Structures are given as C-alpha cells and as structure tokens.
Amino acid sequence: MTNTNLKTGRRLQQIEQMITKHYDHIWDCCCDHGLLGFSLLNAQVAETVHFVDIVPDLMTDIEGKLQNHWQGSQQAWQVHCLDAAELPLKQLAQTDKHLIIIAGIGGELLIEIMRALLPLCTSDQIEFVLCPVHHNYKVRQFLIAHQLGLINESLVAENKRFYELLHVSRQSLKALSSVGSVMWDFNNPMHRKYLDKTIQHYQRSTQNSSVDAHAILNQYLSLKKNTRAAI
Ligand SMILES: C[S@@+](CC[C@H](N)C(=O)[O-])C[C@H]1O[C@@H](n2cnc3c(N)ncnc32)[C@H](O)[C@@H]1O
C-alpha cells in the first residue's frame with residue numbers, strides 16, 4: 001500500500017510505536033481517511049486491520065484503495081461503515097486478541113463510545129489505545145472508574161497542539177493516574193510547556209468557582225513541584 005499519497009503525522013506515528021506486539025484484530029476506529037490503518041496493514045501487526053468510520057463516503061474510498069492497491073491476503077483488512085460504539089466484537093472468538101484504537105475525536109465523544117463499547121468487551125484480551133482531543137483528565141477519570149489499567153502512555157506535540165496517548169486494558173494491574181505518570185519527562189521543555197498550559201487552563205476554570213477545577217488544579221500543581229525537582 002504505497003499508493004495512498006498521504007503520510008501519517010507525528011501523533012499517528014507515535015500511536016504506531018506504542019504497538020509492540022501482534023494482535024488478531026486491530027480496530028482503527030474513527031479512521032477518517034484510514035492513514036493509521038494503512039500503515040498498520042503495511043507493518044503486518046495484526047491478522048486483520050479493521051477500518052471503522054461512520055461516514056459512508058470515507059469508507060467507500062478506503063475500500064476502493066484497498067481493493068486496488070493491497071496485494072496481500074484478503075483476510076488482512078475489513079472495512080466497516082459503523083458507529084464505533086457498535087463494534088461487532090461478540091461475533092469474534094473469545095480468545096482473539098484485540099487492539100481498539102480511538103484517536104482524533106473529542107474526549108467527551110470518546111467517553112460515550114467507550115461507555116457503549118465496554119459492555120461488549122466480554123473477553124479480557126482487549127486493549128485500547130486512546131488519543132482524545134481535549135478532556136484528557138475526564139477521559140482518565142472515566143477509565144479509572146471502569147477499572148482500566150495502564151500499559152503505557154505518552155505525550156506528543158503536533159501542529160502546536162499536545163496530545164496524550166493512552167494504552168490501557170482491563171488486564172493491566174498498573175494504576176492509571178488522572179494526571180499522567182510515566183508519560184512525563186520534566187527534563188523535556190515541551191512537557192513542561194504542556195503542564196504549564198494545563199495548569200493555566202484549570203486556573204481559568206477555578207474562576208468560575210468550580211470545586212472540581214480546584215481539585216484538578218491541585219493535582220497538576222503537585223506535578224509542577226516534581227518538575228522543579230527534575231530540572
Ligand atoms: C479527525 S478524524 C480522526 C482521524 C484519525 N483517527 C486521527 O486520529 O487522525 C475523526 C473521525 O471520526 C469519525 N467519527 C466521529 N464519530 C464517530 C463514531 N461515533 N463512530 C465512528 N466514527 C466516528 C468522523 O467521521 C471522522 O472521520
């Protein structure tokens with residue numbers, strides 16, 4: 001698949017780098033033009049890469065590209081024009097290993113999709129890589145409340161925006177933090193900048209006298225103390 005003409009940016013490349021093992025199924029949910037899925041298909045990191053988006057034209061376009069350019073096995077890909085909240089997970093073998101990727105959508109929509117998906121995840125062999133746009137704290141709180149543990153996390157900057165990438169599963173016993181843990185490298189100026197921006201955001205929110213914002217702000221301020229220790 002060299003003929004897709006588009007290249008993945010830093011954020012999608014970082015997601016790819018987080019995938020360090022082989023899965024039976026990788027679901028590139030909310031895949032848009034399918035860039036990440038094409039790249040994963042080329043990398044052969046799953047038996048089947050599923051391209052999922054709710055917009056029919058996008059899926060017709062992706063299906064056409066795959067039919068015209070993919071020279072590997074026909075079992076290697078499937079295209080689903082579907083709400084990501086309705087993945088057909090129950091139709092597949094319980095023992096299959098799945099990675100569900102949901103990236104590039106707002107945190108609140110991501111939570112709604114996860115709320116619908118988790119009851120469908122009857123097998124423990126399901127991992128998620130999530131990359132919300134905004135509302136990272138809320139997403140993390142949701143995942144913690146639903147007993148998802150941390151596999152890995154990382155922070156990436158692309159087009160002057162910061163993104164948190166979360167690799168989580170129910171099988172992992174490592175606690176997920178509401179404000180991030182292993183992703184932080186306080187020797188990295190980019191990470192310190194992101195923390196400062198996040199603190200400023202919650203400082204503004206406290207002006208609306210939100211009790212939650214005060215509590216959240218204090219957690220990020222505790223991290224800030226660590227940055228001073230690190231540099
Ligand atoms: C900005 S694109 C993200 C593309 C890619 N995942 C990324 O991270 O760059 C968001 C995509 O999400 C799709 N989308 C929004 N809600 C969806 C849902 N409930 N189910 C499936 N796709 C959805 C949109 O059609 C759009 O193509």
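1. Axes are lines fitted to C-alpha atoms, for helices over the stretch in contact, and angles run from 0 to 180 degrees between N-to-C directions. Helices (H or I, at least four residues) and strands (E, at least two) are DSSP runs numbered from the N terminus.

2. The model is predicted: local features need pLDDT of at least 70 and side-chain atom pairs count only at pLDDT 80 or more, while totals for chains, interfaces and linings use all residues. Residue numbers start from 1 along each chain as its sequence is written.

3. Helix α4 (residues 107–117) and helix α5 (residues 136–145) have axes that come within 9 Å and cross at roughly 15 degrees. The two helices are therefore roughly parallel to each other (angles under 35 degrees count as such). On the α4 side, the contact is made by Gly107, Leu110, Ile111 and Met114, and on the α5 side by Asn136, Lys138, Val139 and Phe142 (C-beta atoms, placed from the backbone, within 7 Å).

4. The ligand is surrounded by 17 residues, of which the closest are Cys30, Asp32, Ala84, Ala103 and Gly104 (C-beta atom, placed from the backbone, within 6 Å). Strands β2 (46–53) and β4 (98–106) each supply at least two residues of this shell, and β4 gives the most, with three residues.

5. The protein is divided into domain 1 (10–183) and domain 2 (185–231), with bounds from an automatic or database domain assignment. Taken over C-alpha atoms, the centres of domain 1 and domain 2 are separated by 28 Å. Six residues from domain 1 and seven residues from domain 2 form the contact.

Conventions: Angles under 35 degrees count as roughly parallel, over 145 as roughly antiparallel, 65 to 115 as roughly perpendicular and the rest as oblique. Two residues are in contact if their C-beta atoms, placed from the backbone, lie within 7 Å.
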